[in-house]
Amino acid sequence: LIPSGGRLLLTGGVSTIEGAGGGGLVPWALIGGYGTRDEVGLNAYVTGVDTRDFTLASYGAALNVGNRLELSVARQNFNLREVGNALALGNRYTISQTILGAKVRLFGDAVLEQDSLIPQVAAGVQYKINDDQGVVGGALGLDRKSADFYLSATKIILSKSLLLNATVRLTKANQFGILGFGGIGGQDQDYQAQFEGSAAYLLTRKLAVGGEYRTKSNRLEGALGGTSFREEDAWDVFAAYALNRNVSLTVAYARLGQIALRRQDGAYVSLQIGF
């Protein structure tokens, strides 16, 4: 790999729980890492989210090619902890999925084009493969494979130390894909458009704070005749610190909305290493 590092600290974002470069929940139009148009870079990350009833562990890697193309892979393990016993699945039952992602910068440069009002715009796809045949494919009878498509626009205003991002996602996913895709019994298979937004403020050259909001569809609540599978929007507030060009640490308070029993909120911690 050609050593990367031609961009400003934190302008490549960190890794989302789905592997793409951006915030913790929302992909940005920025290509992850610090590689410029003449460089190739590689990022690896590990993330843990601990809520009232569940834990989510996510890890993966992303390849940055010429600050134009990003290829990513992520693995998610959603642990039901004691809820598994209540659902007769066993203590610490885990639902896992793999996410293969690609993102391409279409036009604009959020860092270099400071005199332009045009943001950097990128298009991406995330192909999700849910492994669970017991709950997702069995008891719920949901699809276990599907693709999300998204378009992101990101603007960095260096004079104000501010980053703004808006993403529109077409998806069939329930709870990010952890509860499969589409509706019960092959119903409600249409893609739904969801909005995702991020804002970040650079307090110092190495420290950024911000927040994110991500809407989610609610396909399963009515189909199951109750509120147990109601799906609500998710949001977080975060702080990201770049120890150096190779290592960054993100901590956040995340609220993922209702998942099964009640609303889930808790701590989010992510470590990213890049070259």
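**View 1. Strands β4 and β5 run antiparallel, joined by 11 bridges.** A quick word on terms: helices (H or I, at least four residues) and strands (E, at least two) are DSSP runs, numbered from the N terminus, and two strands pair if DSSP finds at least two bridges between them. What you see is a predicted model, where local features need pLDDT of at least 70, side-chain atom pairs count only at pLDDT 80 or more, and totals for chains, interfaces and linings use all residues. Residues are numbered from 1 along each chain as its sequence is written, and side-chain values use heavy atoms, with hydrogens and water left out. Look for Ala57, which stands opposite Asn77 in β5. The hairpin of β4 and β5 has three residues between the strands, and Gly66 there takes a positive phi near 60 degrees.

**View 2. Asn67 sits in the loop between β4 (55-65) and β5 (69-79).** Asn67 counts as buried because its relative accessibility is 9%; buried means under 20% relative accessible area, exposed over 50%, and partly exposed in between (1.4 Å probe, protein chains only). Contact here means heavy atoms within 4.5 Å. Leaving out residues up to four places away in sequence, Asn67 touches Arg7, Ile31, Gly35, Thr36, Arg37, Glu39, Arg105 and Asp109.

**View 3. On from β5 to strand β6 (residues 94-107), its antiparallel partner over 11 bridges.** Gln76 has Gln97 as its bridge partner in β6. Leu106 is also found in β6. Is Leu106 partly exposed or buried? Leu106 is partly exposed, because its relative accessible area is 42%. Not counting residues up to four places away in sequence, Leu106 touches Arg68, Val121, Ala122, Ala123 and Leu151. For a sense of distance, Leu106 and Gly182 are 76 residues apart in sequence and 29 Å apart in space, C-alpha to C-alpha.

**View 4. Strand β14 (residues 262-274) pairs with strand β13 and with strand β3.** Strand β13 (residues 247-259) and β14 are antiparallel and share 12 bridges, with Arg255 opposite Asp265 in β14. Their hairpin has two residues between the strands, and in it Ala260 takes a positive phi near 60 degrees. Eight bridges join β14 to β3 (residues 40-50), and these two run antiparallel as well. Val49 stands opposite Tyr268 in β14.

**View 5. Ala254 has its place in strand β13.** Ala254 counts as buried because its relative accessibility is 1%. Setting aside residues up to four places away in sequence, Ala254 touches Trp235, Asp236, Gln264, Asp265, Gly266 and Tyr268. Ala254 and Gly84 lie 170 residues apart in sequence and 22 Å apart in space, going by C-alpha to C-alpha.

**View 6. The largest nonpolar core has 32 residues, and Phe78 and Leu256 touch the most other members.** A nonpolar core is a set of buried Ala, Val, Leu, Ile, Met, Phe, Trp, Tyr and Cys residues joined through side-chain atoms within 4.5 Å. The elements giving two or more residues to this core are α2 (135-139), β12 (234-242) and β13, and β13 gives the largest share, four residues. Apart from this core lies another, of six residues, among them Leu9, Tyr34, Ala208 and Ala242. Back at Phe78, its contacts beyond its neighbours within four places in sequence are Phe54, Thr55, Leu56, Tyr93, Thr94, Ile95, Ile178 and Ile259.

**View 7. The largest cavity holds about 100 Å³ of space.** On a 1 Å grid over the protein atoms alone, a cavity is a set of points where a 1.4 Å probe fits but cannot get out, and lining residues have an atom within 4 Å of a point. Grid points are joined across faces, edges and corners, and a volume is the space filled by probe spheres set on the points. Of the 14 residues lining the largest cavity, Tyr34, Asn43, Arg245, Ser248 and Gln272 lie nearest its centre. β14 gives the most to this lining, with three residues. By class, the lining has four nonpolar, nine polar and one charged; Ala, Val, Leu, Ile, Met, Phe, Trp, Tyr, Cys and Pro count as nonpolar, Asp, Glu, Lys and Arg as charged, and the others, Gly among them, as polar.

**View 8. The second largest cavity holds about 80 Å³ of space.** Its lining includes Lys128, Asp148, Arg169, Phe176 and Glu231. By class, this lining has two nonpolar, four polar and six charged residues.

Note on methods: 1 Å grid on protein atoms, 1.4 Å probe; cavity = no way out; pocket = protein on both sides within 12 Å on 5 of 7 lines; lining within 4 Å.
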